[in-house]
2 protein chains.
Amino acid sequence: MTEERVEQEAVQEEQEVVDDRLLRLAAEFDNYKKRAARERNEYVALANERLVQALLPILDDLERALQAASAHEEAKLEEGVRLVHRSLEQLLRREGVEEIDTSGAFDPHVHEAMLARASDEAESGAVLDVMQKGYRIGGRVVRPARVIVAE
Amino acid sequence: MTEERVEQEAVQEEQEVVDDRLLRLAAEFDNYKKRAARERNEYVALANERLVQALLPILDDLERALQAASAHEEAKLEEGVRLVHRSLEQLLRREGVEEIDTSGAFDPHVHEAMLARASDEAESGAVLDVMQKGYRIGGRVVRPARVIVAE
């Protein structure tokens, strides 16, 4: 073989190695995409299941409270409802839910004015009353607080 | 330029093109991996948020029921608790939760025997009573039903 021929073959070989790497990388990329989509769905299902499982004992307590209601055990019913309320509040707090503060002035970013009412005591623009509590998750408003504002 | 030189340069150029594609594909793959991980976390957060949002009206109803309790409006309290129970049950059903059947014989795959009790009427191995309801999500047992079995 001539020297040039040898060199040409070496170049050819190197090119084949690179082509091969390219093909394998493309195939790997493709597999990765498929796996990522599958994993995303599995993660969502798992995340939901964790939350749903945490709700089962709350459903149990509700059913016990209803049994107490059927038996006309009013004190037990009320205690049961308090327990359910506490559990649900704790669960939501663990999920990053925070109640929106309504103690100060009306804030259009987190409050929704349902009514304006004249007030002798409160300053204009103060929140007088809360019709429905508002909530944030991780800083983002998921439901504004529905409030009555002083004129 | 000699003919060989021209050919060599063409080969060299082609190799550079392939090298370039390889580098770009590797960079693209890397970006994709980062985006997929980010998206997976976002999907989980979104899925949770959807569930958490569905729980807020249930928390509202619970708070209304507690207000009725404070006002000693027993009928209103009981009606409120029934409403909360119905809403939570519906939410769980929408998430694919199914109650485990306990009407037949004891089934170790879905039941957990807490007690065995003699019975004149029931056949041996029949479920006599349910201490805690069991649930499935999408066919999978997330909590077995805790039952009392006939000896």
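**Polar contacts and salt bridges between chain A and chain B.** In this predicted model, 14 residue pairs, both at pLDDT 80 or more, are in polar contact across the interface of chain A and chain B, a polar contact being a pair of N or O atoms within 3.5 Å of which, within protein, one must be able to donate a hydrogen and the other to accept it, with residues adjacent in sequence counted only if both atoms are side-chain atoms. The rule also finds 8 salt bridges across this interface, each defined as a side-chain nitrogen of Lys or Arg within 4 Å of a carboxyl oxygen of Asp or Glu. The side chains of A:E39 and B:R40 meet in a salt bridge, at 2.9 Å from N to O.

**Extent of the interface.** Contact (heavy atoms within 4.5 Å) links 60 residues of chain A with 60 residues of chain B. About 5800 Å² is buried between the two chains, 69% of it on carbon and sulfur atoms; buried area is the accessible area (1.4 Å probe) that two parts lose on being put together, summed over both.

**The open sheet of chain B.** Three strands, in the order β2-β6-β3, form an open sheet with mixed pairing, where strands are DSSP runs of E with at least two residues and pair if DSSP finds at least two bridges between them. The edge strands are β2 (111-117) and β3 (127-132) of chain B. Strands β2(B) and β6(B) (residues 145-150) run parallel and are joined by 6 bridges, and B:L115 has B:I148 as its bridge partner in β6(B).

**Conventions.** Residues are numbered from 1 along each chain as its sequence is written, and chains are lettered from A in the order in which they are written. In this predicted model local features need pLDDT of at least 70, and side-chain atom pairs count only at pLDDT 80 or more, whereas totals for chains, interfaces and linings use all residues, and side-chain values use heavy atoms, with hydrogens and water left out.

Technical notes
Helix = DSSP H or I, 4+ residues; strand = E, 2+ residues; numbered from the N terminus.
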